[in-house]
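This briefing goes through a protein model chain by chain and then residue by residue. Please look over the sequence and the structure before reading on.

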Amino acid sequence: MRNILAIVERELRGYFISPIAYVVLTMFVFLSGLFFRAILSQVMAMEMVNSMRSQQFGGGAPAPLDMPGMISRGFLSTMSVILLFMIPMITMGLFSEEKKRGTIELLLTAPITDAQVVLGKFFAAASFFVILLLSTWVPMSVLYIYGDPASGPILSGYLGLLLYGFALLAIGMFISTLTENQIVAAVLSFGTIMVLWLVDVLANTAESGTREVLTYLSILSHLDDFMRGILATSHIIFYLSLMLVALFLTYRSIDSLRWRG
Amino acid sequence: MITVENLTKRYPNKTAIDGVSFNVKKGEILGFLGPNGAGKTTTMRIITGYMPATEGTVRVDNFDVFEKPLDVRRRIGYLPENPPLYPDMAIAGYLRFVAKIKGVPKSSLDDEVARVMEKVNITDVKDRIIAKLSKGYKQRVGIAQALLNDPPVLILDEPTIGLDPKQIHEVRELIKELAGSHTVVLSTHILPEVEQTCHRVIIIERGKIIAVDTPQNLRFQLKGVERVSMEIAGPAAEVVSRLKAMPGVLEVRVVDETDGRCRFQVEGELKKDIRSDLARAVVESGWGLLELQSETMSLEDIFLKLTTAEDLEKQS
């Protein structure tokens, strides 16, 4: 455990010494603020149309829209897309930089196991990801100050994003073991994540059999229920198993690194 | 302390080392001498457990490196060919990290880091960022890292590369100081280095061990001695005295003796081929000449390569 913590600590320090952490955090806060505002205006416009319509056609008081719920759902869904772009930045250097600097030789000859190295790196990336998610408290607190959103869907939405993020981080970490160049790692991770995302689009035009499979594989489709406030075991298992498979692949990739020299 | 047996590392298109075997005694400094690409780094990487061997075994302090990797790694301080440094960290922070993953207890972390910094003379720059250090300082941080947790075995891959003459002297003194309490394996392609620091030298080329000897003996050969290895069926003592009496022969040693057959090593003056004289002497004495082989030529070839490599480096 102490070994893992040492690696987590070094890795987190590494993030905040290099400009990467600040660039990613700034971009994320900027984009999340921008989209929050856009979603806010959009929902308000919808509300206006809704009330105008009911006035025009009569029929008493309009059916009120769940504005805070719509905003938080829209916001969290948008986050999932923004994070898609951020995650490769977080994971790109995890192993590729170690290989390039030759420090991998230090980690692999120190009296620690490969699993400890992999877990340490993963926990560091996961911690940074949590920091990223926590930065959205600003727009979220606006919702709580000016509205009365149902907390259930928001909390489950965050849980969904967390699991989704962990799975993608593990995939990105695996890919960073394959190259010495962190740009290559970032682009490859981004491409892989895109494929897992666009599988959803392919599913729309596929035949019914393949359609189910493709929809199941889509990383975004499993988020919908979380956003609606539904905690389904199947979705949790999907993300967790994706994460575990990627962690295992990382571990195996380090092992093969030793063999190839 | 270190036992290497029949070590082989094969890649799909190349054999990096081929059947390497040797022993390192406790407290000994062993030098690995060979041109670049000879297999020095590969051998060291296998000993440290960085990579597994295709064949053969390595035991450090009686722990097999493949079966008990962590026990072996706990006993080894390793300086890779390129010092494994995180450029964005400060020296002290970096050494604290390495000390942690090497299992230095929390209570003695600061003392241990201070100790190794003192050893390699970097205490006054401990807060500098590694990226901004000169190559000599980086190399010293690399050595400091290997010394952390005071491992009984040190594997140093080209420890003096990139250092200026004064620093080279300091590092050599440090290595000599470590001997006795530590077992040191170091690699180099610089001949004077092994002469000055090592108790024993292994010369390796194209993945094979070509010679194992003390630096003094190797130096002797370098100065110009023809060495001939002979296997003779005859009485050892008589053979020695007969051959020693011959003109041009400097030294005769019995290397091996098994039921009436003896293996001798004969050293003669340079540029004087004594082989035909030796053969005649043996036959005339009525002994059986089983084998006669010149060893000097191949060794000289290697030294030629080594010394020219060093000369080229000096020029550049």
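Two residues are in contact when heavy atoms of theirs lie within 4.5 Å. By that criterion, and leaving aside neighbours within four places in sequence, B:Gly162 is in contact with B:Lys135 and B:Gly136. The model is predicted, and the mean pLDDT of chain B is 85.

**Confidence in chain B**

- In chain B, 90% of the residues reach a pLDDT of 70 or more.
- Among the elements of chain B, the highest mean pLDDT, 95, belongs to helix 3 (residues 91-101).
- The lowest mean pLDDT among these elements, 54, is that of helix 11 (residues 296-315) of chain B.
- Where pLDDT is low, the predicted coordinates should not be read in detail.

**Chain B as a whole**

- Chain B has 316 residues, of which 52% count as buried.
- Its secondary structure consists of 11 helices and 14 strands.
- A box of roughly 75 × 45 × 40 Å, taken along the principal axes, is filled by the C-alpha atoms of chain B.
- Chain B is divided into domain 1 (2-218) and domain 2 (225-299).
- Between the C-alpha centres of domain 1 of chain B and domain 2 of chain B there are 39 Å.
- Of the contacts in chain B with a separation of 6 or more, 69% are accounted for by residues 24 or more positions apart.
- The accessible surface of chain B is about 14400 Å², and carbon and sulfur atoms hold 49% of that area.
- Chain B carries 44 positive and 46 negative side chains; the centres of these two sets are 5 Å apart.

**Chain A as a whole**

- Chain A has 261 residues, and 48% of them count as buried.
- Its elements comprise 12 helices and 0 strands.
- Along the principal axes, the C-alpha trace of chain A spans about 75 × 45 × 30 Å.
- Residues 24 or more positions apart account for 77% of those contacts in chain A that have a separation of 6 or more.
- For chain A the accessible surface is about 12400 Å², with 71% belonging to carbon and sulfur atoms.
- Chain A has 15 positive and 16 negative side chains, with 6 Å between the centres of the two sets.

**Helix 3 of chain B**

- Helix 3 of chain B is mostly covered, with 9 of its 11 residues buried.
- The buried residues of helix 3 of chain B include B:Ile91, B:Tyr94, B:Leu95, B:Phe97, B:Val98 and B:Lys100.
- Parts of both chains cover these buried residues: the cover includes helix 1 (2-17) and helix 5 (104-109) of chain A, together with helix 4 (109-119) and helix 5 (135-147) of chain B.
- B:Gly103, which follows helix 3 of chain B, has a positive phi, near 85 degrees.

**B:Thr48**

- B:Thr48 is found in the loop between helix 1 (40-47) and strand 4 (55-60) of chain B.
- B:Thr48 has a relative accessibility of 2% and therefore counts as buried, since the cut-off is under 20%.
- Beyond its neighbours within four places in sequence, B:Thr48 is in contact with A:Thr109 of the other chain and, in chain B, with B:Val65, B:Arg73, B:Ile76, B:Tyr78 and B:Ile155.

**B:Gly162**

- The loop between strand 7 (153-157) and helix 6 (165-178) of chain B is the place of B:Gly162.
- B:Gly162 counts as partly exposed because its relative accessibility is 41%, which falls between the cut-offs of 20% and 50%.
- B:Gly162 and B:Gly248 are 86 residues apart along the chain, and 43 Å separate their C-alpha atoms.

**B:Gln196**

- B:Gln196 is found in helix 7 (residues 191-197) of chain B.
- With a relative accessible area of 43%, B:Gln196 is partly exposed.
- Setting aside neighbours within four places in sequence, B:Gln196 is in contact with B:Arg172 and B:Lys176.
- The C-alpha atoms of B:Gln196 and B:Thr160 are separated by 13 Å, and the two residues are 36 residues apart along the chain.

Note on methods: Residues are numbered from 1 along each chain as its sequence is written. Chains are lettered from A and ligands numbered from 1 in the order in which they are written. This is a predicted model: local features need pLDDT of at least 70, side-chain atom pairs count only at pLDDT 80 or more; totals for chains, interfaces and linings use all residues. Side-chain values use heavy atoms; hydrogens and water are left out. pLDDT is the predictor's confidence in each residue, from 0 to 100. Helices (H or I, at least four residues) and strands (E, at least two) are DSSP runs, numbered from the N terminus. Buried means under 20% relative accessible area, exposed over 50%, partly exposed in between (1.4 Å probe, protein chains only). Accessible areas come from the Shrake-Rupley method with a 1.4 Å probe; for residues, only the protein chains shown count as cover. Lys and Arg count as positive and Asp and Glu as negative; His and the chain ends are not counted. The place of a charge is taken as NZ of Lys, CZ of Arg, CG of Asp or CD of Glu. Domain bounds come from an automatic or database domain assignment.
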